[in-house]
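Trainee: I would like to learn how to read salt bridges. Could you walk me through them here?

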Amino acid sequence: VSKATAAINRTRAQAAGIDFIRLTTPTTDDVRLPTVLKDSSGFIYYVSVAGVTGGATASLDQVSEAYARLRRHSDLPVCIGFGIRTAEHAANVARLADGGVVGPALVDKSNAAQTPEQAIRVVLAQCRAISEGVRGARE
């Protein structure tokens, strides 16, 4: 997609009330960051680890440093994603950032289920556990 097409798509999305959420990574340096964040809306999605989703988990120090760096560049909320698989991970992120993004942990639970009903039960249980971790961290 060309830059012009991307700009048109972003403008149309925002005109329709759809936020334009940009992803940043550990390899997005301070020189490139303003360009990446330009015209972002909604929140900043910080991909906390380099690599594929559901892989490693970033250290709390790394996430804390990244959050502080992103706050220097934007007033948008910062949500951390990649590697959040447990209530403990979610609680740690909730203590450091504005939000967390959980995906592969739920997909893995669903894929391991034997029936659709079991998938619903285990995914809801995982959501409850992660939610409780976040609430506990923010009390």
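The talk below turns to charged side chains and their partners.

Mentor: This is a predicted model, where local features need pLDDT of at least 70, side-chain atom pairs count only at pLDDT 80 or more, and totals for chains, interfaces and linings use all residues. Residues are numbered from 1 along each chain as its sequence is written, and side-chain values use heavy atoms, with hydrogens and water left out.

Trainee: How many salt bridges does the structure hold?

Mentor: Side chains of opposite charge can pair when their charged atoms come close. The term salt bridge is used for a side-chain nitrogen of Lys or Arg within 4 Å of a carboxyl oxygen of Asp or Glu. The structure holds four.

Trainee: Which side chain meets Asp39 at 3.2 Å, N to O?

Mentor: That is Arg10. The two sit in distant parts of the chain, 29 residues apart: Arg10 in helix α1 (residues 3–15), Asp39 in the loop between α2 (33–37) and β2 (44–47). Helices (H or I, at least four residues) and strands (E, at least two) are DSSP runs, numbered from the N terminus.

Trainee: Is Arg10 buried or exposed?

Mentor: Buried means under 20% relative accessible area, exposed over 50%, partly exposed in between (1.4 Å probe, protein chains only). Arg10 is buried at 14%, while Asp39 is partly exposed at 33%.

Trainee: What else does Asp39 pair with?

Mentor: Lys38, with the closest N and O atoms 3.3 Å apart. Lys38 is exposed, at 53%. Through shared partners, Arg10, Lys38 and Asp39 join into one network.
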